[in-house]
Structures are given as C-alpha cells and as structure tokens.
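I'd like to walk you through a few side chains, so let me put the structure up.

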Amino acid sequence: MKRKSMSSTPQDETGAIDLITQAPGIERKRKKKESNTIDQNVERQKQQTAENSESLDKCITQEAGSRKKRKREKSNITGKRGKLRKKQPGGVVNGIEKIVESTDHISQLPESVIHHILSLIRCTKGAARTSVLSKRWRDVWTSFSVLTFDQRKFQKPEGVQDKSKNEMFKDFIDRSLQSQLEQNLGIRKFELHLTSYDQEMARGMEQWVGLATENNIKELGLHVHTRGNNVHNFPRNAFASDTLTRLRLQSCKLETSCAVKLPHLQKLYLRDCNVDEQRIQHIISSCPLIEDLRLISCTGLKFLQISSLLKLDRVEVYNCRGLKKIEVKAAKLQTFWYCGKNRTSCKLILSGCESLKRLTLEDKKMTDNQFRELFFGLPLLEKLDLSKCLKLKNITIASHRLNRLVLRGCENLQGAEIDTPNLLSFEYQGDKMPFSFLNPISLKEAKLSFGSASAGQLKFDHNKDEPFWFKKLRDFLGKFDHNTGFKLVVRTNKNVIIYEDLRGISLPPVRGLKLEIIQSSVGTEELLNSSLQKWHPETLSVVSSSSSEFPKLVHEKIMESKKDPTCCTSNHSNNKCWRHSLKFGKKVNLKRAKGKSGWIAWLKLKSCPTDLYEITCFSLLNKKSDKHGRKAFS
C-alpha cells in the first residue's frame, strides 16, 4: 500500500508554520504505522543479532577462552538496556565474520537535553525539521512549545470585510493558545510583537500572559512597535511568575505600585521603557538570580546602582537619556558595555567588579582621567573596546592580562602607549597613528584602517614625502617577530596587495589605507575570502620570494572563479562568496605595462626593493557590471 504524501504543511495567516495544527488526524495515524513497522524490524534485528552473537562466541572460544565471558556479559548488558543494534558489513577476519554494531545515541538523550537543543534553534520551522533525526525526536519536538506572534508580519486574509486586521490578529492568538492548551502542551516561550496597542489589545495581552504564566512559562517577550516615544502599561501578571527565567519588555511603563515576584528570573532586557531609580531597585531586590541585565534607550533614570545581585554576569546600558551615574558592585561580573548619549556625561564606577574581563565603552564625554581611574581598577581585564571616545587625548594601556584591544573612531586621540605583552589581537580605526607598542611579542593578528577612502583622496604623489605616521607604522610592522611567520594584506579602494612576509614592506601613499596582519598558517582560500569578499578589487598583487609557491596557489584559486561556481546554495546575492562577483582577467606583466602614474607605476617603483622578491599582479573583472572587461588600473 502506498503511503499518503504529506507534502503540504498547515500554515497560519502570516505564512509561517502553525505548530499547533500539525499533530492530530492523519499525522498521528502515519506515526502509529511507522512506529509498528520500526518495532517489528527491531525485533527481527535483535533475533538475528543474537544468533550471530552466539555463533561468534563459539568461534572465539576456540581462539581465546578468556574472551567468551566478557563477550556474553557485554551482550547481556546491551540486551537489558534495549539498545537498537544493527548488523553492518564488516568483512571476514581469520574465517570469522566481523560484526559492526551501531547504537542510536541521539534517541537516548534525556528529554530535558533535547528541549535545550531545540531552545537554541531560533526558527520554529527549524525545530520542526529535527523530527527527521529519529522516531523519538519526532514526538518530543511537538511538546516543545515556542509561540511567537508578530503583528508586523501578519497579513489579513483576502475577502474578510467584517473584521479589522487587529481583530483578526487577536482571534488568531486566541485560537492558537486554545489549541495549545487543549492538547496539554506547555508553553516554554511566548513572544508578542504589536504594531498597535489599545484597550482591547491590552485586555487580550493580560489574558494571554496569564495563561502563559499558569502553564509554567520560561521566557516572555512583550514588544510594542508604535510611532513616537509612547510607553504603555503592560499587564501586571507579567511581573509575577515562579518559573519565568527570561523577560524582555519594549515600550513599557514600569509603575512603582506594581508588585514584582520573579524569584527565578535570570535575564532582564528593557528597551524604550520608562523607569526610575525606585522601580529599578524594587526589581533588583525581587529578582535575586539575575545574571544578565540590559537597559536600552530607557528614560526616567538618572542614577543606576546595582549592588545586591550575587550572580550578575553581564550589564549593558545603551543610550539611556538623562543617566548621570552608574555604580555597579558585583563580584562575579564578567562583561560591562556602555554607550552614552551625545550630550550626556555619565560617571562610571566599577570599583566592586574586580573580576571583570570584558569592557566596551562608547562615551563621547569620557576624559583621560576618568578612563585612567576606571581602567586601573580592573586588574583581570582581558578585552577592551574603546569606540568614539572623542575626549580621549593621551592614555596609557598597561596590562599583563589583556589579550584583545580595539581603538575605533577616537578622533582626538594623540597618543596611546600600549604595554600589553600578552596581547593577541589589535584593531585600530582612525585618521593617523597615535598608538605605540613597547613590545607586541604575542600579537597574532592586527587590523588597521586609516582615513576614509573617497575617490578624491586616492591620488598618487610620488614626489611628496611620506607623512610622519607612515614612519611610525613602519616601525610598528618591524616589531613583529618575522621568524614566526606573518602575512600582510594591504587594501585601498580598488587594489589589494598580499605580502608573504613583513620584510621589505612598501605602503602606497594614499588615503583610505587598510592593513591586516595575519599568521602565515592561514590557508590560501581563507586569505582570499577575507581579502576579496567585501571589497571586490580591480587588481590583486602578491609580493613574495622568487622561490615561493604562494603566487601559484593564489593563481589556481583565482582561476577557479572562471568556472560556474556551485559553492554557495543561497539565492541571496549578499550571502554569496566573491567567486560569484569576480573573475580572473589576466596576469599583468609589470615590465611591459604602460602608464607612468597610478597604481601600476607605484608597484613598479616601490614594491620590489631587492632582487630576492618579485611581484605577481592579477587583474580582476566584475561579472555583474562589465561583461566585456574593463581597465583594472590607471
């Protein structure tokens, strides 16, 4: 008998998969038939395996009697546990048939572990696809309930005139929750996104949140996306749950009179909410297990003080208007991230956070003294990210623990003395080179970006002396240990140079220069992907020793782009690699190349300082913009 096709999947008005309507009817009958068939096959496999095992035991007894007992014990234990054993071809050894047994480990995972795996899958459709992994997963995933309702994606069915879009959306949520509860399925996560909020929607939200909290909800998200800075009074039952561990609120007004009882809450995210000091203190005192606290674009708060959360691991404060002081005392805090409003000066006190490892600051009002006081109070800091700190002028960063440093957009920074012997990664973005390293002996990678890359700034002037910061940059490159092996990638607006090592480096006198120092162990394909994916240059040049095979490897990889690439399955152009946009034009002979100015002229004059090095230049064509080819240099 042919099995009925289940090609179509029930869908709701939004076009998304409706998990609630997939279980009843034909689907259950199909599952029952498949279950009976699988059980029968398992019994036959067990009998066949037992016969083969008994025959094998006799043969092994003749070879080594001591192995017989262990073999039987192992067979008995396996039989008691009821494992699925499958006989696979294994060949014949010394006249004895070799049996390879496979165990279905994925079906033996505890249900709590399976639910945790499913919770890491953001897409509900993706969670449904896990049902193909095994028979047990096919049943377990239906009991894992993640309900997401997004009014922004909700489409009103055509032909319905008697109800508004809001009424249809509200009815859809009511039906979905009713179906969920009729099947006795719990609610692990309830996420609601609204584009309109009135009294009817408020009453509906209160009812939905009440049902969710009564069914042991773990994660709750309530988001109102309305125009302006309007905030709304959310249901009070959203702040009373013995099982809730994650709470996300957007455009909510937190009233002081509202009782809070969230004893197991671990993550609290507030976005565009109106909250004051008294309310925050009340929440903190009522949620002692908070590990992750994030305030994004909140208003009404002038002073944020956190001192009683013993498990606090992460704090993020982003663009909270009017905030003047933040004081955190948390012995286990690992990550602190702060971004201040343009015209607001906020004092940061982290004196009670000696265990802090990751610090990110985007503060246009922070001074040198404020940074110094903050930094030297964090002895265990491992990652430091300073972005758009416009008042910083001269700073010192000295630490034996720091392994990652980012200086980005600190436009007025004139000097940064860096003494970090264990630093592994460094990133800089600015118009000049204000930093200096005492000894970057452990540095494994560095990304440097200087100035903008507008067309008017990319003009060569071979007669003009290099700016002073070029010399500082050259000194910085010279401090790397050449014996450990590094490559240097230099990018401009339309050209890329790859230096196989850091000796004999020449830098083009242009604005918009970007440099990346990477270890030589990075493969050729990975190197080309990082160099060509985003910028789509017109030329790619390789500076290497005359005996190196690296130019040949690069040439082979580029030649592959001539073929119709099948490496990317995505239909979206932004998700495709460079092979879909670039193709090999020709190999440029620099000795015969015409032109006394521009990029090629600079390559001929500067890129080969000795006879030990040679340069290989390739022109690249853009597949989309020019089918007939174009000039790759000027």
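Let me start with Lys 583, which is partly exposed because its relative accessibility is 27%. Please keep in mind that this is a predicted model. Lys 583 belongs to strand S26, which covers residues 582-588.

Now a residue from another strand. Is Glu 327 buried or exposed? With a relative accessible area of 13%, Glu 327 is buried, since the cut-off for that word is under 20%. Glu 327 sits in strand S11, residues 325-328. And what does Glu 327 touch, once we leave aside its neighbours within four places in sequence? The contacts are Phe 303, Leu 304, Gln 305, Ile 306 and Ile 349.

A pair of aromatic rings is described by how far apart the centres are and by the angle of the planes. Searching the whole structure turns up 15 aromatic pairs. One of them is Phe 154 with Phe 169, an edge-to-face pair with 5.2 Å from centre to centre and 70 degrees between the planes. This pair links distant parts of the chain, 15 residues apart: Phe 154 is in the loop between strand S3 (146-150) and helix H6 (165-182), while Phe 169 is in helix H6 itself. Phe 154 is buried, at a relative accessible area of 0%, and Phe 169 counts as buried too, at 1%.

Here is another pair to click on. Phe 426 and Phe 437 are also edge-to-face, with centres 5.0 Å apart and 80 degrees between the planes. Phe 426 comes from strand S19 (residues 425-430) and Phe 437 from strand S20 (residues 435-437), so to speak a link between distant parts of the chain, 11 residues apart. Relative accessibility is 1% for Phe 426, which counts as buried, and 4% for Phe 437, which is buried as well.

Lys 487 lies over the face of Phe 550, 5.1 Å from the ring centre.

Definitions and conventions. Residues are numbered from 1 along each chain as its sequence is written. Side-chain values use heavy atoms; hydrogens and water are left out. Rings of Phe, Tyr and Trp (its six-membered ring) pair if their centres lie within 6.5 Å; planes under 30 degrees apart count as stacked, over 60 as edge-to-face and the rest as tilted. Helices (H or I, at least four residues) and strands (E, at least two) are DSSP runs, numbered from the N terminus. Buried means under 20% relative accessible area, exposed over 50%, partly exposed in between (1.4 Å probe, protein chains only). A charge sits over a ring if NZ of Lys or CZ of Arg is within 6 Å of the ring centre and within 35 degrees of the ring normal. Contact means heavy atoms within 4.5 Å.
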